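Subject: A structure for you to look at

Hello,

Here is the structure I promised to pass on to you. Please open it and keep it beside this email while you read.

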Amino acid sequence: MSFEVLEAREASGAALRKLFYKYALNDDEGNWFIPAAKYVREFLRLDVSDEAVNLVASVADIGRTGRITLDEFLAVERIMRMPDAHFRLAFRMCDREGKGNISADDFMNVMKCTQAFKEVQFIKNCGWMQLHFGKNLQRRMRSDEFPQFIASVPREHIRQAFRSLNKNSADGSIDAIVYAETLSRLKGPAFTEYLRDNLVGAITTQTTRVSYSYFTALNALLHNIDLVKQIFTDIVDKLEEREITKDQFDKAAWRFSEAITPVQTTLLWRLLDYDNTGKISLKHFSLLIPSSTPSKETKAKAKEEDSSISLTQQLAVQVYRFSLSSLGGAGGAAAVYPIDLVKTRLQNQVTTIADEVLYKNSWDCFKKVLKFEGIRGLYRGLLPQMCGVAPEKAIKMTTNDFVRGVFTDKKTGDIPLYGEILAGGMGGTMQVMFTNPIEIVKIRLQVAGEVAGGRNLSAIQVCRELGFRGLYRGSYACLLRDAPFSAIYFPTYANLKKAWADPETGETSFSKILFAATISGAPAASSVTPADVIKTRLQVKPREGQAPYKGVIDCARRIYKEEGFSVFWKGAPARMFRSSPQFGVTLAIYETLQRLLPYGPAKQAAPVRAPKIGSYQPDDTYIDHIGGYRNTQRTFANLEQKLGMWFPKSGDVSVKQVDEVSGYKILKTEGR
């Protein structure tokens, strides 16, 4: 099996250099490099033995120094964007001296390190090798010839294996069990568990012996399985049937490609038609295609990495985030507080008594406050507001992140829209316990300047006057405002930030964060203005002669009856102009501080795309694989399954200080 190469966008030079220095070390002479083992295991995320790690790293390490420089790092990224990347990387492994051509010894020195050549002997001085390298194997092969040569190596290896097994056979056939074991050793990762369990039964319907034709036919079938699957898919789409017969497939395969022979088709049906219905469906092909599901060991390793942060570190992460969100919230609140004061005074203004209408509009209110109360009047009530911002923002953002994590798909990193809405709503709900007392004190102070003698009112006096229960007056209206606001705001912001992020690095610039956070507040703030008006009326101290509101419903009914429907939207422009920039500044400060003051465990705990570890995966979603490196897993899967270049995994062989076969120095690596 093979995987098609992704259409990988070219990564920016700045992004690639930043990525290089993330993994690089600096020696005493000031040279930056990535050690070979670190490049292969930590960056490429490939599981290979100590014996093979430097050989795999040689796709970049042209000088065979055990170090990957920035130029070499960038060169491999460019190669990975090419459709023939697996051929080019295979040649770089063989071209030890960097001459652009290789000898038979160069080829054999690399292939001897592969698991297939370790399992089944490959004869170097054979007629086939002489065809490519000359009678005495002295000819050197150019890079433009190499792809045709290396692609035929697995077939020659199969032929040599069969010849060694049938030396004593009179009819040239071999035992079916020996056949299955040999093919399993040669194909390695391309040989699925289903094949191991069912191959012998599928080919011994009439005899227990296997001829060379059947031996090579199954190898060709597995080699061309993508082509076979494509033919099958085209037939299903054309006939609009989920299952097809062998005759239907034979007719289409003959027109599509002569590479699929009747013998291969017969083997395909013997293997997959286990119900003896004469038909197979597309789902059957998963039995012949190596699974992309991580092994138990891989899952355990990933789980161990996810839980590697200690309890102390987790607490430190929460303190870190709490502190940054507090600073961001305080900055956002201070930046827009004058607008909030104007909004509150307009919403508190009762329009049924003409002589009590102090302000014509938002601008008129702003000018009068500035004229009669000064700059300090615009910031009346700011202190309690800032004191409440820290727990409010911390609880809102923490709850939102936690609930988002519950609904986020652990494999893809995606979250459904209803999960985003519910997470935001829960965040808004949880913040009310802190928001309501702060809001009512702030509002009482903001409108105090309208009343004679009210300018000297303090927050402590307001708290004493209200009492504990009074601090939660209007909490239902506060809930009706904050829960829908957050349910609208956070999904809008998250999706805008994601849409405007750099497709390669996944990062969003400061200006885009500020813009996304700001415009997300407009629809959220305007849509919940009616609840905000009701909350303000409930929390403000009633004027002399004005009957207090009994609750949310009573307040809404009286406003509608006495002042009309339009009053519910009073202060909406001021609210939008206050909430939008406030959240813009808050989140911009928060995310900027995270970048300026990074904290390691916080980075590790942050939700990112889950890395794929171990076996080569068909979809490379590791967050550090950008540009051509997005094709890392696919390219090495093609090396492994198309060209037979699969290397021992970690723990398969003992560690050597020097690999005499390949000539590469083996770096010591820490135990895994």
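The mean pLDDT of the protein is 78, with 82% of its residues at 70 or more. Among the elements of the protein, strand S5 (residues 141-142) has the highest mean pLDDT, at 96, while helix H16 (residues 296-306) has the lowest, at 45. Two stretches call for some care. Over residues 292-308 the pLDDT is below 50, and this stretch has 13 contacts in the model beyond near neighbours in sequence. The pLDDT is also below 50 over residues 652-672, where the model has 42 contacts beyond near neighbours in sequence. Where pLDDT is low, the predicted coordinates should not be read in detail.

Now to the aromatic rings. How many aromatic pairs does a search of the whole structure find? The search gives 33. One of them joins phenylalanine 117 to phenylalanine 122: the pair is stacked, with 4.8 Å from centre to centre and 25° between the planes. Both phenylalanine 117 and phenylalanine 122 are buried.

Tyrosine 337 and tyrosine 379 make another stacked pair, at 6.3 Å centre to centre and with 15° between the planes. Tyrosine 337 belongs to helix H17 (residues 311-348), whereas tyrosine 379 sits in the loop between helix H18 (362-378) and helix H19 (382-407), so this pair ties together parts that are 42 residues apart in sequence. Are the two partners buried or partly exposed? Tyrosine 337 has 1% relative accessibility and so counts as buried. Tyrosine 379, at 34%, counts as partly exposed.

Rings can also join up into a group. Ring pairs link Phe20, Tyr21, Tyr23, Trp32, Tyr39, Phe43, Phe73 and Tyr629 into a cluster. A charged residue meets a ring elsewhere: arginine 67 lies over the face of phenylalanine 33, at 3.9 Å from the ring centre.

Last, have a look at two helices. Helix H5 (residues 85-94) packs with helix H9 (residues 146-165) at an angle of about 90°, and their axes are 10 Å apart. An angle of 65 to 115 degrees counts as roughly perpendicular, and H5 and H9 are therefore roughly perpendicular to each other. Which residues meet there? From H5 come Phe87, Ala90, Phe91 and Cys94, and they meet Phe146, Pro147, Ile150 and Ala151 from H9.

Enjoy exploring, and write back with any questions.

Best wishes

Key: Residues numbered from 1 in each chain as written. Predicted model: local features only at pLDDT ≥ 70, side-chain atom pairs only at ≥ 80, totals over all residues. Heavy atoms only, no water. Phe/Tyr/Trp six-rings, centres within 6.5 Å; stacked < 30°, edge-to-face > 60°. Buried < 20%, exposed > 50% of the residue type's maximum accessible area, 1.4 Å probe, protein only. Helix = DSSP H or I, 4+ residues; strand = E, 2+ residues; numbered from the N terminus. Lys NZ or Arg CZ within 6 Å of the ring centre and 35° of its normal. pLDDT = per-residue confidence, 0-100. Contact = heavy atoms within 4.5 Å. Axes fitted to C-alpha atoms, helices over the stretch in contact; angles between N-to-C directions. Parallel < 35°, antiparallel > 145°, perpendicular 65-115°, else oblique.
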